[in-house]
Structure formats: structure tokens, C-alpha cells
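Notebook open, viewer loaded. I want to go through the chain contact, the ligand site and the salt bridges, and jot things down as I look them up.

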Amino acid sequence: MIELRNVTKRFGDERAVNDFSLTVEDGEFCVLVGTSGCGKSTTLRMINRLIEHSDGQILIDRQQIRSFNPQALRRRIGYAIQSTGLFPHWSVARNIGTVPRLLKWDKPRIEARVRELMELLGLDHDNFAERMPSQLSGGQAQRVGVARALAADPDTLLMDEPFGALDPITRVNLQEELLRLQSRLKKTIVFVTHDMDEALKLADRIVVMDAGRIVQQGTPSDLLSAPANAFVESLLGGADRGLKQAGLIRVSSRMRTDLPAPQAVDPATVAADDTLRVALSLMLWHRCDTLTVVDRSNTPVGQLSLRDLLHSGSS
Amino acid sequence: MGLSLLALLGLPLASSQPNRIVPGEGVFLWEMVGWVGALGIALPWLAAVGLAVRPTRGRSWAVLGFVVLILISVPWGLAAFCLAYVDLEQPYARGGIGAGTWVVLFLTGLCLVELRSRLSLSRRHIVSILALTLIAWATALSSGWLEPLALVREYASRSDQFLAAVLYHLALVGAAVAISLVIGFSLALALRHSERLRTPVFGVLSVIQTIPSLALFGLLLAPLAWLSSRYEWLSDLGVQGIGWAPALIALVGYSLLPMTRNAYVALEGVPAVVIESARGMGMGPGHIFFQVRLPLALPVLLEAIRITTIQAIGLAAVAALIGAGGLGTFIFQGLGQSAMDLIVLGALPILVMALIADAAFSALASHFRQGGRP
Ligand SMILES: Nc1ncnc2c1ncn2[C@@H]1O[C@H](COP(=O)(O)OP(=O)(O)O)[C@@H](O)[C@H]1O
Ligand SMILES: [Mg+2]
């Protein structure tokens, strides 16, 4: 658990972070979002003492972070930034093993851990372990960065725009992967981004920041249904809000399974774990108001009509 | 290629002198081998020029073969010349290497550089070509036929001095580079920690750099002479107004600017994100410096050592003027006696040393840049 109580950071006279209070529960995925320069990175870096806070208190597992040696503190908190943060003169395996080596694990244990992490992040060990960072694509480098942050199995993970430099497709892939990892590992994550779509997709809780202060915090659907002010609304994309909200809801939560299954050859199908946003787009594309819902193996499992899509039913 | 043909035909390839003082008489190719022989050499040469005009890979390889052939045959050609033209009965008679030969050598060198990039020759190719050339020279020299060459004569009359001078030159350069590396690196470390020192330190170093070398030696003469007369242990060490002491100090002085500036740039040039992530992983300052910053700065640092070494190799020659010894001694003696070949005897090893230093440090730097580990 991470607690920030009335934390302020001053650079000279300027307050980069101002009277900031936030509690991130164990296993919670918390995303700080806001325009560039609003103090997101500063907040994150205060948590692992890369920057010392000026006022207030920061606690990890109910202990003041100032009571720890900074290096010991950082070794138990995973930290991932844009891919350029990999050590360019070390192989992938050596990069991933950085923190375990600092913690003086023995060699076989480090090797086994590196192997395990590479597998976890979909990096073929034989192919990638001895590569240098310059021989990786942006997405691969970022996977290595995440693996490195996870190496010593920290409870807490700090991530500063880790996918910021990636192309949209790789970016979406890695977001999905991070979600999959998180559902297994249940880390306490503080994730920084300026991209609201990314925040909506990943977060259990979104914290919107402006000029060093919290403007609003809540679940993605809280924010979408009741933005606190015009600033949050504009971050949410104004007129696109409806689509963004639809992007949070799975087809499976709205589809009907009581109707007789239609022909499997029907081209207008949507996957059960796609979002309503995708479903709506498919309806527009096929110019129809009913889609056949299929599961992973392409077997029809139900139907989704425009009425189902619009009616909020349960939620 | 074409130019080299002109040089081959139009300039004297070698000369013969009855002794050292009298200017030699130039000998042209056709005088050596007759018109038929000259044509026999010139025609394939012309063919090679033709091949080089519209280069394809195959043609370029053929030209390369021809260039290597030229390089190998030059010492043997000279040997043949010596046999034929220099009167071996006269102990002072000597043959000189003529302008034509120098130009041919220079131009084939250029061709080699051009071919290297055209055929993207590897370092191993170049090394083996150079080795072949060296073997050709070595065998030609050991045959004894080249003995009448003035260059060889000059060497033979001071072979002990020559070896001593080469070693001395190397020692002077090595010491200067080592000392300036230690001082420059320490200065660079200090400058990274103190913003205020930066401008004055670089200012002073730049001023030293702009003093002409002779003036700097002169400036050091008086204080060093005074110091050594004042403190006996200094003069026991051999510190005097002239000799190695001012030479070494001046060389270090000149080396400090490139060394300090490049060391500083190298250390500062390590990307901030990498340092940030090292800190974020929980590395301590010592760890960060030795495991991250220094290894990443190493290629640029080697570049600094390369530049400094080459500069010092050249400057150390000038230091001979203040009695520091080294290869410069031959050059200045040669200048004094207008003996071209003595000058070459001093200058050639300096050139070779500089080339070797250049190649060695470049290779080392590119090894580390490609992710090699120290
Ligand atoms: N080391 C520093 N010294 C002075 N000002 C800083 C420093 N780091 C950040 N700032 C200032 O703090 C503010 C917030 O920066 P940052 O937290 O990096 O923003 P974000 O990550 O949200 O883009 C900016 O105005 C920035 O100029
Ligand atoms: Mg930032």
C-alpha cells in the first residue's frame, strides 16, 4: 500500500506537486494522467526517492519512506521508464538481472529468474537473452524494461510513460499484456501517462492531475459518467466520450443468449470479449443492427442488437 | 591511377649521387629499362587505368591486385636500380629515392584508400596487404641490394641512435599521454561537480593550446633552469631548462585540452535516462560510475586518447629543438645539413607511429562501441 499525505514538492519557488494526497491499495492499478508538466513524473519519483519531497508524508506499507535507505527502497520497488532506460552496453539477460545482482542473489537463481521473466513477457530466451538493446525493436525493448522492473518480484511497480515511444499497434499489444500480467501478479502499480485512452484502458483508478494538484479521481466509468469539470471533460475527449465509455464495456455483458443461434456463416460477427465500441463500429460497417456474438473458437454464443447495445440493462 | 602513370614516366624515379653533398642526378624509367621495358610496364598500367574508369566489382578487384603488385615491386625496382647505377666501389656513393617513386607510392596509397571503400574491404584485407608490402621491403632490405640507397646508408651509419631515438620518442609520447590522461580525467571529474570551474579551466587550457610550440618550450626554459639550480634533487633527476623536462611539460600542456574536453564530453554524454534508470534500480553512486557511466563513456574517451597521442607524436619531434632527443633530432640534423634522406629517416617512423596509433585506437573504440565488454 502506498500513501501520500499532503505531499508538496517545490523546485525553487515553483510548486511542481501541491498538497497531494492519495492512497493506492495493495493490488490496485492506479494511473496518474494529465497534461505534460503537471507533476506526474515528480509524484512518481518521490515515491522511490529519486526526488525528495519537500512537505508531507509518503508511506509504503505504513512505513515512512524516509526511514529506509534510498537504495534499499528502490531495490524493492520496480521502476520502468521509456525503453531508452535500458543499459545499452549490457545484454538483455544482464539488463533483466540488474536488481537481483544488486541484491546479491546467487548466479543460478538469477539465471532461472531471467529465464522465467523472459517467458512471462513472451521473449524467446534462446533468441533474445544475449542480444544488445540496440538489436531490439521498440516493443521488445519495452518488454525487457518491464521484465527488468519485475525482476526481484517487487510488490510495488512504478511506471513512467513506459509505452510513450511506441507505435499504436505495439502499444495496444503491450497494454493488453500488462493487463494480463496484472491479473496474475496483482502488483500495486502506479502508472503515469498523458494519454487518457491508455488510462481508461488500464486503470482500476484514474487520478487526473493539473498543475500539481488532483482534479478528480475515480474508476474509469466514474470519470466518464461524471467528469468533475471542463478540464477533465476535455481530457476525456469531449464528443468522443460516448465511444470511450462504450470502449470500457464488454459485449458479453450485453449480449442475449436466449435467442436461437443463427447461421455461423453470418459475416456480421463480434467476439464476446470485444467492447461495445467495437460492436458499434461493426454495425456501422456492415450497415446492420444485429451482430452474432462468437467465442474464441468462432462458435456463435449469442446475439447483440443495437437496442441491447444502447439499453444499459444491468449497469 | 592515371596521374601515377604520368609520374612514373615523367618524373625521375631515383637518383644517384657520388656522395651526400653533391645533388644527385635523376634517372627516369626509360633510362633504366629502355623504351621497350618502359612500354612493357606502362601498357598494363594503362590497362589498369582503363579498368578503373568504369569500375565494377570484378574490375576493382583486378585494379586492387595491380596496386598490390606495384607496392611489392617498388623495393625490388629500387634494388635493381641500385645494382645498376650506384658505383659500389665508392663507399660514399648512394642512390636516392626519386620524386617519381614517392608520387607513385603516394598515389597508390590513395588508390588503396579508394578501393577499400569501394570494395568495402575488411580490416583483415588491409592488414594483409600492408603485411605483404612490408615483407617485400624486408626481403629487399635483407638481400643487401638496397644498401646503397641513401636512406639505408643514413640508417646504417646511426642504427643504434635510430633505435634509441624511436624508443625515446615513444617513451616521451607515452609519458605525456599517460600523465595528461590522469590529470585530464581528474579535471573532467572535478568540472562535472563544479559548474563554476568550467569556464576558467577550459579558458586556461585553450590559451596553452594556442601558444606556438617553440614559444612554449622557450617559456619553460628559464623557470626550469632556475628550479634545477635551486633544488638539487631536481637536477639529479635530470630536470633542466633543456632536455626532456620542458618537452614533457609542454607535451602534457598541449594534451590537456583535448584530453580534458573529450573526457568531460564523454562522461556528460551518457544519456540522462540511463543514469536515471540506474538510480531507479537502486544502484549506488560508485556502481553507477564504474558500471554504467565509465563503460558508456569509454569509446569517446579512447577517441580522446587517440587524438592526444597522434598530436603528441608529431609535437615530440619539435621538442628535439630543445635537446629532448627523439626522432626529431634526425629531422633537424637533416635540415641543417640539407640531407633529404636523413629528414625522411626521422619523419617516416613518426608517420608510421601516428598511423599505427590511429588504427589501434580506432579499432579499440569501435570494438567497445559495438557493445564489447572491457
Ligand atoms: N529537477 C527539476 N528542477 C526544477 N524543476 C523541475 C525539475 N523536475 C521537474 N520540474 C518541473 O516540475 C514540473 C512538473 O514536471 P514533471 O513532474 O516532470 O511533469 P510531467 O511528468 O507531468 O510531465 C514542471 O514544470 C517541471 O519544469
Ligand atoms: Mg513526465
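Predicted model: local features only at pLDDT ≥ 70, side-chain atom pairs only at ≥ 80, totals over all residues.

These are my entries, one topic at a time.

**Entry 1: what I am looking at.**

**Entry 2: the A/B contact.** I started with how many residues each chain puts into the contact. Chain A brings 24 residues and chain B brings 19 residues.

I looked up the partners: R45(A) and E276(B) pair through their side chains, with N to O at 2.1 Å. That pair counts as a salt bridge because the rule asks for a Lys or Arg side-chain nitrogen within 4 Å of an Asp or Glu carboxyl oxygen. For polar contacts across this interface I got seven residue pairs, with both residues at pLDDT 80 or more.

I also checked which elements make up chain A's side of the contact. Those giving two or more residues are α2 (70-75), β6 (77-80) and α4 (98-102) of chain A. By class, that side of chain A splits into 11 nonpolar, seven polar and six charged residues.

**Entry 3: around ligand 1.** I listed the shell next. Ligand 1 has around it F11(A), E14(A), A16(A) and S36(A), then the run G37(A), C38(A), G39(A), K40(A), S41(A) and T42(A). The classes come out as five polar, three nonpolar and two charged residues.

From the side chain of S41(A), an N or O atom sits 2.6 Å from a ligand oxygen. G39(A) uses a polar backbone atom, at 3.0 Å. E14(A) uses a polar side-chain atom, at 3.1 Å.

How much of ligand 1 does the protein bury? On its own the ligand exposes 560 Å², and the protein buries 59% of that. Two elements of chain A give two or more residues to the shell, β2 (14-24) and α1 (40-47). α1(A) gives the most, three residues.

Entry 4: Searching the whole structure gave me 20 salt bridges over all chains. I picked out one inside chain A: the side chains of R205(A) and E28(A) meet at 2.9 Å, N to O. These two are 177 residues apart and link distant parts of the chain. R205(A) is in strand β9 (residues 205-210), while E28(A) is in the loop between β2 and β3 (29-33).

Key: Residues numbered from 1 in each chain as written. Chains lettered and ligands numbered in written order. Heavy atoms only, no water. Contact = heavy atoms within 4.5 Å. Polar contact = N/O pair within 3.5 Å; in protein donor to acceptor, adjacent residues only side chain to side chain. Helix = DSSP H or I, 4+ residues; strand = E, 2+ residues; numbered from the N terminus. Nonpolar A, V, L, I, M, F, W, Y, C, P; charged D, E, K, R; others polar. Near = heavy atom within 4 Å. Areas by Shrake-Rupley, 256 points an atom, 1.4 Å probe, with all protein chains shown as cover.
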